Amino acid sequence: MKKKTKWESFWKENIGFVFVIPWLIGFLVFKAYPFLSSLYYSFTDYNLFSGISKFTFDNYVNVFKNPAEIKSLTTTFKYAFMTVPLKLVFALFIAYILNFKIRGVNLFRTAYYIPSILGGSVAIAVLWKALFNDDGLIRMFFANFGIDAPHFLSDPSWALFMICLLRVWQFGSAMVIFLAALKGVPQDLYEAASIDGAGKWKQFFSITIPLISPVIFYNLVTQLVQAFQEFNGPYIITKGGPLGSTTLMSLLIYNNAFTAYQMGKASAQAWVLFIILMFFTILAFWSQNHWVYYADDDGR
Amino acid sequence: MKKHLVTLLSAFLAASALAGCGSSSADTTPAASTEPETTVETAAEPADAAAYENCTLKFDWWGGDSRHEATLAAIAAFEEAYPGITIETNYGAWSDWETAKAAEYISGNNPDVQQTNFDWIGKYDKGGNTYLDLNTVSDVLDLSQWSATELETCSDENGGIAGLPVSITGRTFYWDKTTFDAAGIDTPKTLEDLLAAGPVFQEKLGDNYYPLVIGEYDRAILMAFYLQAKTGKPILAEDNTLTVTEADLQEGFEFIKSLEDAHAIPTEQYILGEGADSMDKSSRFINGEYAGIFEWDSSPKKYLSALEGTGNELVVGNVFPELQSYQKVSLMFSISAKTAHPKEAALFLNFLLNEKDGIEIMGTERGVPSSKVAFSTLDSEGAIDWATSEAHNAVLDSNPIYWNPLFDNSALKGDSPALYTDLFDQYSYGMITSEQAAAQLYAGYQSVLASN
């Protein structure tokens, strides 16, 4: 039998890397390089056209000092902490109902999922705008009953809520994942609990919630990340207005980078957003030790 | 055999690559026989147009459909007149256009010929390395069709001509005469008329009818006109100084508020509540609820199109005597400093701006042309549409003064965070006082002037 040369052995052992190279190039060029260069730029006053004239920490200081940036940060928190719980609760509630054996359940499941198929599109944001603007269908509907409905998109106290509502309405994906998890809860646990006299609420909180907690955790993390990165809704529907009430951080970053060309400032804001997101993700992972039940790992 | 095949393929590929580069002097095609006819007043016949190289030029512009159609037709006529020169086009709407162009300037991929904005000289041509100095191609591009002042206005920091002003523009009022007739009053001729029209509209037509609608940037311009009438000077002077005080700006904000209070204009909340992307797409404007706009003299066509079929008649108004207008270059055509074919690019521009065929096809799609020959050609043929012509005359009659491009600096104009949007919104919503708004705008102007 012919003995393998050193080169052949090396090739055989490392062939996998060759297949990974296209991805690796993509990662290095389109992810790692922009990621690291934005970190560098965040410590400069980099303007897209006049370049860098000095190194500074001002960009970071301003995020917590400049009123417009503080407001945007606060708005982003409000948006995330309104959207994520509402969406999770709503998705779980609908999934729970659709888990019952009722007539036409498949039709309902499809109907509730449809907004998620359409949801991320620009067209839906435009539709939302047409529905809720001052001359839109919703206000017209209320006007028929003599009710002067709020100015949903031009009143700063309502606009953010309307943007949240658009995201909450797209609960289908989270609902489908919850539904799959609910299907996996063993029926005998419910039967045993019924025999022991546990009511529906008790069963829900003591059986259903613990057993689907890994899925709740998964949905929480993904929805949190999505919420902090939200851009389409405010950009298309309100352009960040009125009075900056829907200027989320992602929109502020976009405006600074691509309309004011303040790349240094935008990079610092992006890094602050990244750190905040990282903090909440780590917090979520840390907290799972206290509330997420994994059946294959001593229940934790 | 295999070696020969590889050699052959390599040669083929190299030849293809070179062919893609475009021209060679060996391909020179005399164009004299296909030169378009020129009129007597056309002093625009390029002296050295007979010899040019075959090549492909990239050209881009922004605008609406009618502008696209006219420009494409002019390009087809040019390609017929100058066989061997091909124009590759890229065009679209203004929305996000500048963002895409900014990226091209950074990467150095801007096309050979481009429709440009006046303030782009300051923004993207620092050092004068982005746009070609058009003096260098004056042998084929007839610069004598513009006044020395116009050309000087478009000069870069080295004194080179960075772009040719296609048209000069200013703002005036346009009125929906049908709505004014319904209210039983004449269209406003003075500020006083406008203020008086507000209560009449409210009483006779309803709360949702306004004689005029102006957004944040319109308010900034109207306020500048108002203050310029008081001082007699451009709000931002040519030497980059601010000619108004904080107290003047406060008075300016209060003037805008007085229009809201008199029901002459709607509040910002009312305007934003409709969510229209632009006023020509506003159903309130189309159905006559907003009976006036304050717009550039180069853009009445889109408003006329919006009112088509509604039965509402749009008329051009004068600039009120209580206001001092300004005029600016509406847009330019520039040639890239990096183009490999400056002469051919100049021939193309000369065709669009100074040659009869190009002039006639382009018409007033970019406003009333600044080129003398273009203006006289269109004027003699009655080809300047009545609205553009009337609006242009209204602006000229108002004796417009100098306009500093820093007025449109991105820290001031644009989506929030930009001062005009933020301050006029906050003030209209009642979140800040006129004093606070004036202080912030004053600081904003000072900051922009200091950093340029």
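Buried area is the accessible area, found with a 1.4 Å probe, that two parts lose on being put together, summed over both. The model shown here is predicted, and local features need pLDDT of at least 70, while side-chain atom pairs count only at pLDDT 80 or more and totals for chains, interfaces and linings use all residues. Residues are numbered from 1 along each chain as its sequence is written, chains are lettered from A in the order in which they are written, and side-chain values use heavy atoms, with hydrogens and water left out.

**View 1. The interface of chain A and chain B.** Between them, chain A and chain B bury about 1900 Å², of which 55% lies on carbon and sulfur atoms. Of the area that chain A buries against chain B, 29% comes from A:Phe49, A:Leu243 and A:Tyr261, more than from any other three residues. In contact (heavy atoms within 4.5 Å) are 22 residues of chain A and 25 residues of chain B.

**View 2. A salt bridge between the chains.** A:Asp135 and B:Arg284 form a salt bridge (a side-chain nitrogen of Lys or Arg within 4 Å of a carboxyl oxygen of Asp or Glu), with their closest N and O atoms 3.0 Å apart. The count of salt bridges between chain A and chain B is two.

**View 3. Helix α7 of chain B.** This helix, a DSSP run of H or I with at least four residues, numbered from the N terminus, has buried residues (under 20% relative accessible area, 1.4 Å probe, protein chains only), namely B:Leu191, B:Leu194, B:Ala197, B:Gly198 and B:Phe201. What covers these buried residues includes α6 (177-183) and α8 (216-231) of chain B. After α7(B) comes B:Gly206, whose phi is positive, near 125°.

Technical notes
Buried < 20%, exposed > 50% of the residue type's maximum accessible area, 1.4 Å probe, protein only. Helix = DSSP H or I, 4+ residues; strand = E, 2+ residues; numbered from the N terminus.
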